[in-house]
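The sequence and the structure are shown here for reference.

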Amino acid sequence: MTNRSEPFDELDRKIVAALVANARTSFTEIGAAIGLSATAVKRRVDRMREADIITGFTTTVRPSALGWRTEAYVEVYCDSAAPPRRLAEVVRDYPEIMAAMTVTGGADALLHVRATDVEHFEEVLERIRAEPFIRKTISYMVLSHLLTSSPEAGAGRAAPREEPPSGGV
């Protein structure tokens, strides 16, 4: 990570917000919205990339379009001898695991799992449970996403809002 010589300011925040909303937004469009030239926006983005503030650009894909129609969160309880790095090595081998993190509370880790269907999820869960240091798991199937524009929902844009009823007589 490179040390920044300039502080992260309000213009940087606006640039980052524009890129988070749509990573394909051009520097010209961002500049026009915040009062900078495209060149100035590019310099700032380059500086933020160099400083490891912006770590990359991604594409958000609706999981169901790829056949991932079943989703769950799995609490993982490990034997006391299982260090987090060992769990990290294991979860990297599962393409169905979208995210994995150690957590506070009773569980040692929380996994975000996607599968094609319940049978596929069950097979993934059986493979996870077969790891020698996994003591038990508790699964929570996702029924629906309340925040449909969240990355976990696999959406890149907010769900359409209902139109308010017209107040005619």
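## A strand pair and its hairpin

In E3, His-112 is the residue that stands opposite Ala-99. The strands concerned belong to a predicted model, in which E2, covering residues 97-102, and E3, covering residues 109-115, run antiparallel and are joined by five bridges.

Six residues lie between the two strands of this hairpin, and Gly-105 takes a positive phi near 100 degrees there.

## Overall fold

The protein chain contains five helices and four strands, and, when it is read along the sequence, these elements follow the pattern α-α-α-β-α-β-β-α-β. Among the contacts between residues at least 6 apart in sequence, 66% join residues that are at least 24 apart.

Of the 169 residues in the protein chain, 30% are buried. The accessible surface of the chain comes to about 11,600 Å², and carbon and sulfur atoms account for 52% of that surface.

## The buried side of helix H4

Helix H4 spans residues 84-91, and its buried residues are Leu-87, Val-90 and Val-91. These residues lie on the same side of H4 because they cover an arc of only 90 degrees around the axis.

Strands contribute to the cover over this part of the helix: what covers the buried residues of H4 includes E1 (70-78), E2, E3 and E4 (134-141).

## Arg-44 in helix H3

Helix H3, made up of residues 38-50, contains Arg-44. Is this arginine, Arg-44, buried or exposed? Its relative accessibility is 16%, and Arg-44 therefore counts as buried, given that the cut-off for a buried residue is under 20%.

When the neighbours within four places in sequence are left aside, Arg-44 is in contact with Asp-9, Leu-11, Asp-12, Ile-15 and Leu-36.

## Aromatic rings

Which residue lies over the face of Tyr-77? The residue is Lys-136, which is placed at 4.7 Å from the ring centre of Tyr-77.

As for pairs between aromatic rings, for which the centres would have to lie within 6.5 Å, the count comes to zero.

Note on methods:
Residues numbered from 1 in each chain as written. Predicted model: local features only at pLDDT ≥ 70, side-chain atom pairs only at ≥ 80, totals over all residues. Heavy atoms only, no water. Phe/Tyr/Trp six-rings, centres within 6.5 Å; stacked < 30°, edge-to-face > 60°. Lys NZ or Arg CZ within 6 Å of the ring centre and 35° of its normal. Buried < 20%, exposed > 50% of the residue type's maximum accessible area, 1.4 Å probe, protein only. Contact = heavy atoms within 4.5 Å. Areas by Shrake-Rupley, 256 points an atom, 1.4 Å probe, with all protein chains shown as cover. Pairing = 2+ DSSP bridges. Arc of directions from axis to C-beta.
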